[in-house]
Amino acid sequence: QVQLVESGGGLVQAGDSLRLSCAASGRTFSRYAMGWFRQAPGKERDFVARINSSGSSPYYAASVKGRFTITRDNAKNTVYPQMNSLKPEDTAVYYCAALRFGSSSVVDYWGQGTQVTVSS
């Protein structure tokens, strides 16, 4: 069992930066690839970024590539997306996810989400 708690969301202006955090409980965190997803009002939940269990091979959605950076600290059981050059279309609830072993898209555990609002 892995419990995920996101933090760091808030209201920012277009062009600003924000770093979210996802703290995980459980001794198996370092075995999971981790991902971030987001859901805007009235839209489906979309993939944002993922990183493998060792912290290498980050992968990004085209919409955030070059602006977002995902990292993790397995000693702290935490994964971070650094979000730069934020745009109003980045406004969404951001969710942390632990990905199923061997999968790049199937989610075993979700966090509760944190709201990010980008004003123009």
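Predicted model: local features only at pLDDT ≥ 70, side-chain atom pairs only at ≥ 80, totals over all residues.
Let me begin with the largest nonpolar core, which has 30 residues, and in which Leu4, Met34, Trp36, Phe68, Val79, Met83 and Tyr94 touch the most other members. By a nonpolar core I mean a set of buried Ala, Val, Leu, Ile, Met, Phe, Trp, Tyr and Cys residues joined through side-chain atoms within 4.5 Å, where buried stands for under 20% relative accessible area, exposed for over 50%, and partly exposed for what lies in between, with a 1.4 Å probe and protein chains only. Two or more residues of this core come from each of E4, strand E5 (34–39), strand E6 (45–51), strand E8 (68–73), strand E9 (78–83), strand E10 (92–99) and strand E12 (114–119), the strands being DSSP runs of at least two residues, numbered from the N terminus. E10 gives the most, with four residues. Apart from this core lies another, of five residues, including Ala33, Phe37, Leu99 and Val107. As background, nonpolar side chains tend to be buried together in soluble globular proteins.

Residues are numbered from 1 along each chain as its sequence is written, and side-chain values use heavy atoms, with hydrogens and water left out.

Now to the aromatic rings. Rings of Phe, Tyr and Trp (for Trp, the six-membered ring) pair if their centres lie within 6.5 Å, and planes under 30 degrees apart count as stacked, over 60 as edge-to-face and the rest as tilted; by this rule there are six aromatic pairs. One of them joins phenylalanine 37 and tryptophan 110, edge-to-face, at 5.0 Å centre to centre and with 70 degrees between the planes. This pair links distant parts of the chain, since phenylalanine 37 belongs to strand E5 and tryptophan 110 to strand E11 (residues 107–110), 73 residues apart. Phenylalanine 37 counts as buried because its relative accessibility is 9%, whereas tryptophan 110, at 38%, is partly exposed. Tyrosine 95 and tryptophan 110 have ring centres 6.2 Å apart and planes at 85 degrees, so this pair too is edge-to-face. Here strand E10 holds tyrosine 95, 15 residues apart from tryptophan 110 in strand E11, and tyrosine 95 is buried, with a relative accessible area of 12%. Ring pairs link Phe37, Phe47, Tyr59, Tyr95 and Trp110 into a cluster.

Serine 21 sits in strand E4 (residues 21–25) and counts as buried because its relative accessibility is 18%. Leaving out residues up to four places away in sequence, serine 21 touches Val5, Glu6, Ser7, Trp36, Thr78, Val79, Tyr80 and Pro81, a contact being heavy atoms within 4.5 Å.

Most residues other than glycine have a negative phi.
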